Number of protein chains: 4
Amino acid sequence: MSHNTFGHLFRVTTWGESHGPALGCVVDGCPPGIRFTLKDIQDELDKRKPGQSRFVTQRREPDEVKVLSGVIADEDGETLISTGTPISMLIENVDQRSKDYGEIARQYRPGHADYAYDVKYGLRDHRGGGRSSARETAARVAAGAIARKIVPGLVVRGALVSMGTKSIDRANWDWDFIGSVENPFFTPDAASVQVFADYLDGIRKSGSSVGAVIEIVAEGVPAGLGAPIYAKLDQDIASNLMSINAVKGVEIGNGFEAARITGEENADEMRMGNDGQPIFLSNNAGGILGGISTGQDVIARFAVKPTSSILTPRKSIDKDGKDVDVMTKGRHDPCVGIRAVPIGEAMVACAIADHYLRHRGQTGRI
Amino acid sequence: MSHNTFGHLFRVTTWGESHGPALGCVVDGCPPGIRFTLKDIQDELDKRKPGQSRFVTQRREPDEVKVLSGVIADEDGETLISTGTPISMLIENVDQRSKDYGEIARQYRPGHADYAYDVKYGLRDHRGGGRSSARETAARVAAGAIARKIVPGLVVRGALVSMGTKSIDRANWDWDFIGSVENPFFTPDAASVQVFADYLDGIRKSGSSVGAVIEIVAEGVPAGLGAPIYAKLDQDIASNLMSINAVKGVEIGNGFEAARITGEENADEMRMGNDGQPIFLSNNAGGILGGISTGQDVIARFAVKPTSSILTPRKSIDKDGKDVDVMTKGRHDPCVGIRAVPIGEAMVACAIADHYLRHRGQTGRI
Amino acid sequence: MSHNTFGHLFRVTTWGESHGPALGCVVDGCPPGIRFTLKDIQDELDKRKPGQSRFVTQRREPDEVKVLSGVIADEDGETLISTGTPISMLIENVDQRSKDYGEIARQYRPGHADYAYDVKYGLRDHRGGGRSSARETAARVAAGAIARKIVPGLVVRGALVSMGTKSIDRANWDWDFIGSVENPFFTPDAASVQVFADYLDGIRKSGSSVGAVIEIVAEGVPAGLGAPIYAKLDQDIASNLMSINAVKGVEIGNGFEAARITGEENADEMRMGNDGQPIFLSNNAGGILGGISTGQDVIARFAVKPTSSILTPRKSIDKDGKDVDVMTKGRHDPCVGIRAVPIGEAMVACAIADHYLRHRGQTGRI
Amino acid sequence: MSHNTFGHLFRVTTWGESHGPALGCVVDGCPPGIRFTLKDIQDELDKRKPGQSRFVTQRREPDEVKVLSGVIADEDGETLISTGTPISMLIENVDQRSKDYGEIARQYRPGHADYAYDVKYGLRDHRGGGRSSARETAARVAAGAIARKIVPGLVVRGALVSMGTKSIDRANWDWDFIGSVENPFFTPDAASVQVFADYLDGIRKSGSSVGAVIEIVAEGVPAGLGAPIYAKLDQDIASNLMSINAVKGVEIGNGFEAARITGEENADEMRMGNDGQPIFLSNNAGGILGGISTGQDVIARFAVKPTSSILTPRKSIDKDGKDVDVMTKGRHDPCVGIRAVPIGEAMVACAIADHYLRHRGQTGRI
């Protein structure tokens, strides 16, 4: 993984800042003949689009994607077919609200990368978080929309499973509820909506913010993807998820719970199914053993920290080394973890697509 | 990261299986002029060596390292000096106890990668776990011993902080106790030794196994290492740690706890220190903000699952698709997490050394 | 080098086809604080722009570059300063003359990649050569304009030294003449202009085409860039030059001539200069020994084949496997080698910038 | 390509110096199930082994290869089967003749990398050329022996086509003659043996050296390998060949000749064959169009400079910046190009194997 590229055979390079004219990505290594529509990409982008409820930032961005290369149009005039050459996608920034960054430009916001940037680069684009802006993630989601088309039968879905001190009831898990218009949280538990809404309203009104845990489930992952060492499927999923802003932890399968239980409890037993395929009697492993997919659902979770852009004054320093108190105004998500759901899906889809091609390359067994 | 290589400028390629004649690694991209002794490497290897207490596998391996290239000897006859060319290191396998693998060769052990291997490759070296054997980690530890020398002032240390349902008391944390001869667990809490010993004796005698959580702390990491996206320092640390066998989760700083607290609680405040360096009033971030080191201690934790090699019979299938009951005999660690401590240290040291060189390459600011 | 990316620390990813809406590149790994203007890039692009004389294609493209990310504007409003994040550049395609590709879409033009594309991908964008179009090279030239700014004191210049059977007289070499308005050939020899013009007029009028040899000279390359093996500076220069369309051969220094002479004749002798720097008494090596720059001028040459798009009918086959005679109409360069001069410069500049950063990363000695 | 690694999916990392205990390589990404014997590898190594005639260095090295990992033995006890994990191979250095390097350690030999090494690294292993020693190429040949097995039907052969001012007569080309015991030159022209022998005896006796041109032909390369840009098959072949010590130029197909002829002369015409496969009426392209293989023989040539280790005193400087006269004693090849033949074959085989896997990965069309 290079500075702004991830993946080996299915490679994604993203570019762009929050307050420049546009952002985008180049998807390299896409197989030829993959068919998709602009709507396929736009639907994914719309999931993470800001401004859709009072619980996310009010920045208004249509996030309309343009595909600039790497495809030919099918005769229906709607379907695009990849040619195997790089697919460049571009999304314009529209709502770069002009404001006075004077103070923020000189102050290091606690919990932000401002200070680290200045030490690293000696200068920075202080507008809207620069390269660390959540807007960059739109490019990942666009790339993920293509990745989803590469592995036949692959379905990657995500859900918010906890927010701050509140969690869903897994007994109520309903994938279909996630896309519901009454569900601004990507929660799979209808009963949790009111709980999350009340909780987050309180957080928001107090000028605070809160973190979340997201779970991603990939169905239809063929057995055999990954490698025993250094190219483990779970390792690359973890790497991809940790590359999302504000992510501080990643788990595969039962994750940290595995450290608390015994070998008998943890190892997933097997029996032979009627269709000649093995049946696993549980899925603590999250679909990956020894770095290689087993054919079970691949399951990953990640923890998103609360945004540090809050209305409460906080102790910090400025560029001149003076102690200051910092308060971040502006439009911010009280829980950035909500919109992380489609981003996490995209990053998992990209990891799986990459490993699908790598596995086919090395072994020819797909 | 390629199949058996990790790192970008400080690159480590490992090779070898549990039951072949040897294992080793090639360290590429080491700066010239780095000075170290064979003893420096051997001391690290000795930490993860099997057979040192009743709580780890009884396989007897001297794990004696040979340095085959990439160095010249200093006049003292002991110090090696890197020349900037690849450093090849080799460790012979000595105690490859001959045994009958007949059954195991045909059965898929639950919780092992046996089935996944067969699906992926169509064949496998079933002896001792093949490439997934814990012996491979010796090569990482050797590479890590060199990585430690690259960043001036860097100190990377690890500790076991919990085992199964038992945890240390952080109030007792004492780094110096970890190397004590009375401490077979790499615990930093002297009071925990008896607790862990009793607990693990019970686990071991019942033919079971248990997981653990390891914490790695890197002091002396200069501010500025990493990048905002895709080459985040925390992302590469997570990737390196997830590449260790049996690891199912990784956290940076307060990790999953960050998802449970508010923005005010989580963001580390700053004040200016008397030495002109900023002081952080807490370290929830684990020394990394926006993917870039801040100069605070870098802190990571990882969860190791219990080994699936247990004496209790478990349901599984064999190569012919028949249901079988599997029991794994042989020499195994009841808690593989214990010996994961020096491995985790090595992987974190390698990630930091790599980013140190990358940061120097891009910015020239070190 | 990946499919559409080259370089390690200074990485360039290009995208776009001849007949899509735009083409462009993402420059990743640029150091922060590099200062340049849009005009710096545009001046390089203008050198390779089509339509500037009767000897190059009459396609009219302004080739106006937009910088979409990775920079902040200096106070003068003109200078851009790199921030260390990816620099995305975009060039719109304007003159995509609409025409009937019906026949060409089904026929394999001899000497073109049509057949190879169809075998590889199973489909292709047949308009204007698709990804193999010379338009893609505009993106390289834009990236090269930034690369030139990275190594202090670096000057990279190129010249056409032969065209078909005609060659320059090296005794007349004058770098200053290359930019002259009376010089449509990038020849360093004023006396050659009339010779080349007459020769190429004949070629053009007969509906034929001809090849060329280009020489690139890089001054100001610090000693020490490159590596003994696999990351040789000359190897990466050769790779970069061979990646240009229609290039069939590359030489470093005296190149193939070195195979014809003796060791005494070939090895460049040295003497100590008055300034404490060594003086080489010749430069057969082209400034590179054992893969590492010596501080002498780096010299490379490459051979460009004649374009296969000619008006003479040629034997071929079509998609249905039928024998056909193919004649390529349309706007084509009678000598594509002419416009290869700024492209070659850009590719050499990129290789040197990348190795400059890599050398600094590994050794810290710059 | 990293410092000591080449290839993307079929990756080779080499290590070792001339005067260390051993050298070797790690072959990563080999498909599982590839069958080969130790003899397959040894036969290739024996071709480049020193000491086989008076025309090559008299250093005595058995070059016996050991395979340390990545294989299981077939039931015949002789055939090795790759498991898909890294294959580590090791060759011991035997004849590291002890000698006084005192003077050479301080002097910069003209035409050698001594000076460049010292500038780059600040120190070097002066014994026997260190990492630049021709002994390193044994590791490439071993890797190439495995690469040859990956593409079904692939045959890669090489020949010396000129030495200094003497060339073969292509009308006499006979592949079978190359392995003849009466042929110490890898020449395909029996009539040239006496000419080369007389010529090289003269060179050798005068304490001089001479260069050579080598041609590599790969038959059985499937159409479709490579990519239009940056991952061109010819580009990676050129890069691989340029990474061989002393190589100063590379050509694909007719190479520099293409720059001298017209489009009609150069473009290879096609007709449909009776077997449904296209027939090319010539092969100026060297089997590669637009970076992608066409199914024709892939043809590459490279120029090897004369070794700079000659008995004639030459002007140079030493580490203290003093002018000196240098004469290189010791065992050296009067024409290093001879033993470059099997090395060139190996490098071309590795490039093709890598692209075979990459093509299968991206397109699934093999």
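Welcome! The model shown here is predicted.

**A:Arg48**
- This arginine sits in helix H1 of chain A, which spans residues 38–48.
- A:Arg48 has a relative accessible area of 1%, so it counts as buried.
- Setting aside residues up to four places away in sequence, A:Arg48 touches several others, including A:Asp63, A:Arg135, A:Val141 and A:Arg339.

**A:Arg54**
- You will find A:Arg54 in the loop of chain A that runs between H1 and strand E5 (65–67).
- A:Arg54 is partly exposed, because its relative accessibility is 45%.
- Beyond its neighbours within four places in sequence, A:Arg54 is in contact with A:Ala197, A:Asp201 and A:Arg204.
- With A:Asp201 there is also a side-chain polar contact of 2.7 Å.

**Where chains A and B meet**
- Chain A and chain B each bring 111 residues to the contact.
- Together they bury about 8,800 Å², and carbon and sulfur atoms give 59% of that area.
- On chain A's side, A:Lys120, A:Tyr230 and A:Lys248 supply 10% of the area buried against chain B, more than any other three residues.

**Links across the interface**
- There are 6 salt bridges between chain A and chain B.
- One of the salt bridges pairs A:Arg271 with B:Asp323, whose closest N and O atoms are 3.7 Å apart.
- Polar contacts join 47 residue pairs between the two chains.
- Helix H3 of chain A (residues 114–121) gives the largest share of the side touching chain B, with 7 residues.
- That side of chain A is made up of 50 nonpolar, 39 polar and 22 charged residues.

Definitions and conventions
Residues are numbered from 1 along each chain as its sequence is written. Chains are lettered from A and ligands numbered from 1 in the order in which they are written. This is a predicted model: local features need pLDDT of at least 70, side-chain atom pairs count only at pLDDT 80 or more; totals for chains, interfaces and linings use all residues. Side-chain values use heavy atoms; hydrogens and water are left out. Helices (H or I, at least four residues) and strands (E, at least two) are DSSP runs, numbered from the N terminus. Buried means under 20% relative accessible area, exposed over 50%, partly exposed in between (1.4 Å probe, protein chains only). Contact means heavy atoms within 4.5 Å. A polar contact is a pair of N or O atoms within 3.5 Å; within protein, one must be able to donate a hydrogen and the other to accept it, and residues adjacent in sequence count only if both atoms are side-chain atoms. Buried area is the accessible area (1.4 Å probe) that two parts lose on being put together, summed over both. A salt bridge is a side-chain nitrogen of Lys or Arg within 4 Å of a carboxyl oxygen of Asp or Glu. Ala, Val, Leu, Ile, Met, Phe, Trp, Tyr, Cys and Pro count as nonpolar, Asp, Glu, Lys and Arg as charged, and the others, Gly among them, as polar.
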